Amino acid sequence: MITNNKAQSLPVAEEKTELKSLYLETLQLVERLHRRLLDVIKDEFDRAGRTDINAVQALLLFNIGDSVLTAGELRTRGFYLGSNVSYNLKKLVELGFIDHQKSRVDRRAVRVSLTETGQEVARVVAELYDRHIGSIDKVGGLDEQEFTKMNKSLQRLDRFWNDQILYRL
């Protein structure tokens, strides 16, 4: 009887090992993809001879877009997940890419929006993405169905991780 139980538990253990391997591969890919995206953005600005802004800052400007937001809203909307968001916002204000004003409602909060120069940087990133959209199906082999499935999976993973934090699972 003991042998039978071991035989039954073996496939479960193998299944968990495979799931662990796939999970760890996904984590690696998510990290690598983010770094690679920053490399692609950096390359775009390097080609244009722009050294006044880095890829993280350019992506932050793109994500702000036409909005007027606080640093907290940038984090809660998922636009920026770094611990140094305040540093980058301060730097972008100093460089003239962002305007900032104290909120009329909450004097502690600072609301930020893009200057014309900041909008120019955001447009460069938007144009880069548009070029990608024009060729990603043909060159990358990724069509709408692939992205729909991938996005649903990543959203579920995001919810899972969020629940881990919220409910301390």
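In what order do the three strands of the open sheet stand? The order is β1-β3-β2, and the pairing is antiparallel. This is a predicted model. The points below cover the sheet, the nonpolar core and an aromatic pair.

**The sheet**
- β1 (69-70) and β2 (98-102) stand at the edges. Each has a single partner strand, so one side of each is left without a neighbour in the sheet.
- Two bridges join β1 and β3 in the antiparallel sense.
- Thr 70 has Arg 111 in β3 as its bridge partner.

**The nonpolar core**
- The largest nonpolar core holds 24 residues.
- Ile 41, Ile 53, Leu 61, Ile 64, Leu 89 and Ile 98 touch the most other members.
- At least two residues of this core come from each of α1 (2-47), α2 (55-64), α3 (71-76), α4 (85-94), β3 (110-114) and α5 (116-140).
- Helix α2 gives the most, with six residues.
- Leaving aside residues up to four places away in sequence, Ile 41 touches Ala 55, Ala 58, Leu 59, Val 125, Leu 128 and Tyr 129.

**The aromatic pair**
- The count comes to one aromatic pair.
- Phe 62 and Tyr 129 form this pair, which is edge-to-face. The rings lie 5.0 Å centre to centre, with 80° between the planes.
- The pair links distant parts of the chain. Phe 62 sits in helix α2 and Tyr 129 in helix α5, 67 residues apart.
- Is Phe 62 buried or partly exposed? Phe 62 has a relative accessible area of 27%, so this residue is partly exposed.

Note on methods. Residues are numbered from 1 along each chain as its sequence is written. This is a predicted model: local features need pLDDT of at least 70, side-chain atom pairs count only at pLDDT 80 or more; totals for chains, interfaces and linings use all residues. Side-chain values use heavy atoms; hydrogens and water are left out. A nonpolar core is a set of buried Ala, Val, Leu, Ile, Met, Phe, Trp, Tyr and Cys residues joined through side-chain atoms within 4.5 Å. Buried means under 20% relative accessible area, exposed over 50%, partly exposed in between (1.4 Å probe, protein chains only). Helices (H or I, at least four residues) and strands (E, at least two) are DSSP runs, numbered from the N terminus. Contact means heavy atoms within 4.5 Å. Rings of Phe, Tyr and Trp (its six-membered ring) pair if their centres lie within 6.5 Å; planes under 30 degrees apart count as stacked, over 60 as edge-to-face and the rest as tilted. Two strands pair if DSSP finds at least two bridges between them.
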